[in-house]
Structure formats: C-alpha cells, structure tokens
Amino acid sequence: GIVRAHLARMGEAAEVAPQSDILGAAAPGAVRVRHALPEGASATVVIPTRDRLDLLRPCLDSLEAHRAANRCVMRVVVVDHLSQEAETRALLMERQAAGQIEVLPYDGEFNWALMNNLAAAQSDDDVLVFLNNDTVVISPDWLDALAAQALRPGVGAVGARLVYQDGAIQHAGMVARPR
C-alpha cells in the first residue's frame, strides 16, 4: 500500500514484502523493501585479524556457507596482522589455496583503520564490506541486501543489524542529520 505508492512516486523499483525476521522478532505491520541488485555487482569483504582462530574460523565458515545464496560476487580479503599460531596460519593457507580468501600480510603496529584501508586500496569492486573477525553471518542473502542498498544513488554507507548470540541488539544502524 503506502510504501509501494511512495516508491512509485519516487521512481524507485523495489520489492515490498511483509517483514519476516530471521531471529523471529515480531514486527506487526512491518515490511521489507528490497531494491534490485545491479547485474554483475561485486564486493570485497575485508577482515583484519591476528590469530584468534576461535573467532576467524566461524566468521569465514559463515561467509562460505552463504556465498551461493548471493548473486553479488564476493571477494574476501583477510588482513593478517602477524598471526603466529600454527593453526591460524594453516587455516589461512588452506582457505587461500581453495580460492575462498586472499591473505594480505600486515606487519606494522596495530592500526585497524590502516589495515582496512590497505585492503580497500587493492579493491576495484563496487562495494567494500568491513567485518570484524568475530562476526558470524546468519542471513543467507546478507551480501545482496547490503550491496543493493549501498549501490543506490544517494547512499554512501550501509550498516547491518548486529546481534549478540542471545539475540540482543549490539548495533542497529545510525542516523546522520545535518546540524
């Protein structure tokens, strides 16, 4: 109804469907607006890490588990900040050999922003996605949803809802207003 009419007035082609929350949160009357993902869209997912296999493995596993559910081509770059643990190094080599990730070594002092920027500078993809190594993707079409929003005219940044394991919200976006 109202949302579809608004999108039509704005000249935006989008699918409107009742909201079905992956965590089962009730949202009576809520709708999900899905914008079309441009054909051939691509994204580089950047993940800085230093060891912490207990975090990194589930993160990488979740990306791989949902790769096929997304049309957006995903390139994963792990910025490795001097990992020393043999198990972490073995995982990085194994996943790189399988073509699942690229590893970008970083040996300077810890600087999260710099590590992300170094990886971003090597990307020519349409979208950059910055993930912490403790992130686990739970929505199958997560990348298509983020990329479709990010590639809309007038959109500069897109944020995802982040939840703790118990479902409590960690982060649910931001609002920028002119002063």
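The model is predicted, so local features need a pLDDT of at least 70 and side-chain atom pairs count only at pLDDT 80 or more, while totals for chains, interfaces and linings use all residues. Residues are numbered from 1 along each chain as its sequence is written, and side-chain values use heavy atoms, with hydrogens and water left out. Helices (H or I, at least four residues) and strands (E, at least two) are DSSP runs, numbered from the N terminus.

**Nonpolar cores**

- The largest nonpolar core has 26 residues, and those with the most contacts inside it are Val45, Ile47, Leu60, Leu63, Val76, Val129 and Trp142. A nonpolar core is a set of buried Ala, Val, Leu, Ile, Met, Phe, Trp, Tyr and Cys residues joined through side-chain atoms within 4.5 Å; buried means under 20% relative accessible area, exposed over 50%, and partly exposed in between (1.4 Å probe, protein chains only).
- Another core, of seven residues, lies apart from the largest one, and among its members are Val77, Leu104, Met115 and Ala119.
- When residues up to four places away in sequence are not counted, Leu60 touches Ile47, Val76, Val78, Leu91, Arg95 and Ile101, where contact means heavy atoms within 4.5 Å.

**Strands 3 and 6**

- Strand 3 and strand 6 pair in the parallel sense over four bridges, and two strands are said to pair if DSSP finds at least two bridges between them.
- Val45 has Val129 of strand 6 as its bridge partner.
- In a regular strand the side chains alternate between the two faces of the sheet.

**Thr49**

- Thr49 is found in strand 3, and its relative accessible area of 4% makes Thr49 buried.
- The side chain of Thr49 makes a polar contact with the side chain of Asn133 at 2.9 Å, and the side chain of Thr49 also reaches the backbone oxygen of Asp51 at 3.2 Å. A polar contact is a pair of N or O atoms within 3.5 Å; within protein, one must be able to donate a hydrogen and the other to accept it, and residues adjacent in sequence count only if both atoms are side-chain atoms.
- Leaving aside neighbours within four places in sequence, the residues in contact with Thr49 include Leu56, Val78, His81 and Asn133.

**Salt bridges**

- The structure holds nine salt bridges, each being a side-chain nitrogen of Lys or Arg within 4 Å of a carboxyl oxygen of Asp or Glu.
- Arg152 and Glu12 meet through their side chains in a salt bridge (3.1 Å, N to O). Arg152 lies in the loop between helix 5 and strand 7 (162–163) and Glu12 in the loop between helix 1 (2–10) and strand 1 (14–18), so the pair ties together parts that are 140 residues apart in sequence.
- Glu102 forms a salt bridge with Arg75, with the closest N and O atoms 2.7 Å apart. This pair links distant parts of the chain, with Glu102 in strand 5 (residues 102–106) and Arg75 in strand 4, 27 residues apart.
- Glu94 forms a salt bridge with Arg95, with the closest N and O atoms 3.7 Å apart; Glu94 is partly exposed at 49% relative accessibility, whereas Arg95 is buried at 8%.
- Arg32, Arg34 and Asp141 are linked in a network of salt bridges.
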